[in-house]
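Please keep the sequence and the structure in view while reading.

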Amino acid sequence: MKNLILNGFRPDRFISCHVVHPVLKMLNVSGGVPILMYHNISWERGGHPIPYFETNTFPSVFEEHMRFLAAEGYKPAGLECLIATGAEKTGSKHVVITFDDGYLDFYRNAFPILRRHGATATVFLPTGYISTPRKMFKQRPCLNWNEIRELSQNGISFGSHSQSHGELRNLCPKGMEDELRISKEIIENMTGMPVHSFSYPYAFPQAQKDFVRLYRAALIDAGYKFGVTTRIGLNSRDSDFLTLKRIPASSHDDPLLFAAKLEGAYDWLHSLQTLFKKSRELSAMEF
Ligand SMILES: [Zn+2]
């Protein structure tokens, strides 16, 4: 795996592994429940030059992640584990494994590995790109409904990732409501299982308070109990269940960085995310 990691210096990795993680360990701070965010599990070389933005995970690295979780006593669970236990307070180590975009490589590459490790996962589907016959999203093949039904019968949960995978904040309220409602109905009809969770497409506009208020209300109206986002961090039973944070994972997560992320040593990036988004909002208002 060493040769998968870029040789260049990565400030986010250095600070997380060598500054924040040792301090958290020294202070014996326990972080909460990590919700891992994967996209592709494939052998394709990642497209992004900056590791932070990489969304592909090589199957060998994904298997290493699953092995690491098992060795460290993490129990893969659904999002309901946040309600059930408040994991950080009871000492049980839950982890939620999620996949965005509903790619075929989940069925081919991720599912066999998850099954080997007795792990469950939640896959978020952009329903406009899910069909039989198969459709493509971002030039990659998506799951079809036969595969989704098979996965559903084998312990994999499905949530919505909207209908069109559009920027919800650019839609009128009715447009956003339709995206949430229609995608949920389609998945429920096609799998026969209730859908309780939604994954916000693209970067979550956490600094746009008015939008976040509208979005939360629309999720509740549509019948969702959980919403996950790209906000970085761990969660507890005190978190806002409709705007849950996640931990991005990819081929660049070597064991040291993966361990640091799972224990909250990557969460400092959330403050940077917020700062960056706020400054962008302010500069947009000035011009
Ligand atoms: Zn997506």
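## The chain as a whole

How many helices and how many strands does the secondary structure of the protein chain come to? In this predicted model, the protein chain has 10 helices and 12 strands. Of its 287 residues, 43% are buried, and among the contacts between residues at least 6 apart in sequence, 71% join residues that are at least 24 apart.

## Helix 5 and its bend

Helix 5 is made of 13 residues, 104-116, and the distance from its first C-alpha to its last is 19 Å, which is close to the 18 Å expected at 1.5 Å a residue. The helix bends by about 45° at alanine 110, and proline 112 follows within four residues. Just after helix 5, glycine 118 takes a positive phi of about 60°.

Which residues of helix 5 are buried? They are Asp105, Phe106, Tyr107, Asn109, Ala110, Phe111 and Leu114, and what covers them includes strand 2 (40-41), strand 5 (94-100) and strand 6 (122-125), together with helix 2 (59-71) and helix 6 (145-153).

## Packing against helix 2

Two packed helices are described by the angle between their axes and by the distance between those axes. For helix 2 and helix 5 the angle is about 25° and the axes lie 10 Å apart, which means that helix 2 is roughly parallel to helix 5. Their crossing is right-handed.

Where these two helices pack, Pro59, Phe62, Glu63 and Met66 in helix 2 meet Asn109, Ala110, Ile113 and Leu114 in helix 5.

Note on methods:
Residues numbered from 1 in each chain as written. Predicted model: local features only at pLDDT ≥ 70, side-chain atom pairs only at ≥ 80, totals over all residues. Buried ≥ 20, exposed ≤ 12 C-beta atoms within 10 Å, placed from the backbone. Contact = placed C-beta atoms within 7 Å. Expected span 1.5 Å × (residues − 1). Bend = angle between axes of the 7 residues up to and from the residue. Axes fitted to C-alpha atoms, helices over the stretch in contact; angles between N-to-C directions. Parallel < 35°, antiparallel > 145°, perpendicular 65-115°, else oblique. Left-handed = near helix turned anticlockwise from the far one by under 90°.
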